[in-house]
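Colleague: I want to learn how to read helix packing and a metal site in a model. Can you take me through one?

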Amino acid sequence: MEINTTQRQWLTDFNLDHPLVIAGPCSAETEEQVVKIAQQLKDTDTSIMRAGIWKPRTRPGNFEGVGAIGLDWLKTAKAETGLKLATEVANKTHVEMSLKADIDVLWIGARSTVSPFIVQEIADALKGTDKTVLVKNPVNPDLALWLGAVERLYDAGIKNLGVIHRGFSTYEKTKYRNNPEWQIAIDLQSEYPDLPIILDPSHIAGRRDIIFDICQTGLDLNFDGIMVETHFDPDNAWSDAKQQITPKALDQMTVDLRMRKEFTEATAFQNKLQTLRTKIDVVDHQLIDLLGKRMKIADEIGDLKKKNNVAILQTKRWNSILDTMIAAGAENNLSKEFITKFLKAIHEESIGHQHKIISE
Ligand code: PEP
Ligand code: MN
């Protein structure tokens with residue numbers, strides 16, 4: 001696929017000296033709500049107002065959106081503020097109605113990106129238009145599925161493209177509503193460096209207090225913009241109340257964030273350095289998580305050895321791990337000395353853990 005700078009044109013057209021800001025409520029609720037939020041956003045860095053009209057809810061019984069009438073409210077908001085508009089489309093009818101209402105940006109939600117049938121239906125309905133289409137990552141951590149959706153749109157002739165990173169579902173509860181899995185976004189950027197990538201910190205966080213930090217990480221990883229759920233009365237929002245922030249808080253956030261527009265050679269250097277450091281931080285976190293997982297397994301082995309009265313140190317097994325890992329290390333340009341020291345340190349920690357378990 002020829003994803004290149006031409007796909008960035010829509011973003012370049014904004015001619016901003018800061019990353020793109022898309023903001024607005026999770027859902028359009030009433031005409032007053034939509035217009036009031038638009039008016040408050042007008043005085044911020046926001047260029048595009050978002051609002052869900054058709055809401056995909058994981059389980060039925062929650063507010064499922066106001067439907068097509070919300071498009072009229074959005075049009076009013078646009079007429080009064082000049083903000084461009086964005087909404088989620090999940091089928092052919094949504095696309096047709098949004099085109100009629102002259103919505104500027106359509107996004108495909110995480111629950112739709114997982115379905116090639118749905119994505120193809122949307123792509124076919126968009127053929128021949130010049131709309132900007134943003135593809136949210138699928139709910140599951142699958143880069144190919146995400147890229148596949150972008151490729152379907154590209155093949156349908158949609159030239160103004162971009163992606164939105166909104167994190168990935170995990171069965172285990174973490175501090176995030178949707179785990180950021182930054183490495184997937186980094187891999188996507190290396191595959192298609194010109195494809196605009198927007199961060200949705202709201203659906204990653206699921207809560208207000210970590211939105212700032214998530215945004216900073218995204219900006220340090222060279223994201224082109226942010227899409228933030230914003231409401232004048234977040235606690236009483238009809239959907240995703242916990243993660244929405246006020247337009248005022250958004251405004252303050254854009255002041256406090258380290259923005260990464262390159263101005264001088266010195267800032268360009270600083271920006272590149274910061275990007276690389278953030279990438280290292282992402283990998284370091286993965287390493288620590290993995291080491292933690294490894295230790296949990298070592299603990300289980302300790303338990304098993306205790307029950308069966310087996311010695312902790314199994315020299316043959318240790319030597320075979322060492323040999324295999326030295327070979328794997330060589331393939332990754334890591335010296336035998338380093339791998340040996342590294343594994344010994346891990347092994348010592350494991351033995352320490354197992355000693356504790358066995359002597360308990
Ligand atoms: C949304 O943006 O409100 C939404 C439903 O997002 P997602 O598809 O990322 O869950
Ligand atoms: Mn939402």
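Predicted model: local features only at pLDDT ≥ 70, side-chain atom pairs only at ≥ 80, totals over all residues.

Modeller: Start with a helix pair. Helix α7 (residues 143-155) packs with helix α8 (residues 182-191) at an angle of about 45 degrees. Their axes are 10 Å apart.

Colleague: How do I put that angle of α7 to α8 into a word?

Modeller: Roughly parallel needs an angle under 35 degrees, and roughly perpendicular starts at 65. At about 45 degrees, α7 is therefore oblique to α8.

Colleague: Is the crossing of α7 and α8 left-handed or right-handed?

Modeller: Right-handed.

Colleague: Which residues make the contact?

Modeller: From α7, Leu143, Trp146 and Leu147. From α8, Ile184, Asp187, Leu188 and Glu191. Sorted by class, that contact has 5 nonpolar, no polar and 2 charged residues.

Colleague: What about α8 and helix α12?

Modeller: Helix α12 covers residues 265-308. α8 and α12 pack at an angle of about 140 degrees, again with axes 10 Å apart. Roughly antiparallel needs over 145 degrees, so α8 counts as oblique to α12. This crossing is left-handed.

Colleague: Which residues of α8 meet α12?

Modeller: Trp182, Gln183 and Ile186. On α12 they meet Lys279, Val282, Val283 and Gln286. By class, the contact of α8 with α12 has 4 nonpolar, 2 polar and 1 charged residues.

Colleague: Now the metal. Which residues coordinate the manganese ion (ligand 2)?

Modeller: List the donor atoms, then their distances. Cys26 gives SG, His203 gives NE2, Glu229 gives OE and Asp240 gives OD. The distances run from 2.1 to 2.4 Å.

Colleague: How are the donor residues of the manganese ion (ligand 2) spaced in sequence?

Modeller: As C-x176-H-x25-E-x10-D. Now place two of them on the fold. Cys26 sits in the loop between β1 (20-24) and α2 (31-42). Asp240 sits in the loop between β8 (225-229) and α11 (247-256). The pair therefore ties together parts that are 214 residues apart in sequence.

Colleague: Are Cys26 and Asp240 buried or exposed?

Modeller: Both are buried.

Colleague: And the whole chain?

Modeller: Step back to the totals. The protein chain has 14 helices and 8 strands. Its C-alpha trace spans about 75 × 50 × 40 Å along its principal axes. Of its 360 residues, 48% count as buried.

Colleague: What share of contacts joins residues at least 24 apart?

Modeller: Take contacts between residues at least 6 apart in sequence. Among those, 74% join residues at least 24 apart.

Definitions and conventions: Residues numbered from 1 in each chain as written. Chains lettered and ligands numbered in written order. Heavy atoms only, no water. Axes fitted to C-alpha atoms, helices over the stretch in contact; angles between N-to-C directions. Helix = DSSP H or I, 4+ residues; strand = E, 2+ residues; numbered from the N terminus. Parallel < 35°, antiparallel > 145°, perpendicular 65-115°, else oblique. Left-handed = near helix turned anticlockwise from the far one by under 90°. Contact = heavy atoms within 4.5 Å. Nonpolar A, V, L, I, M, F, W, Y, C, P; charged D, E, K, R; others polar. Donors = N, O, S within 2.8 Å, 3.2 Å for Na, K, Ca; no water. Buried < 20%, exposed > 50% of the residue type's maximum accessible area, 1.4 Å probe, protein only.
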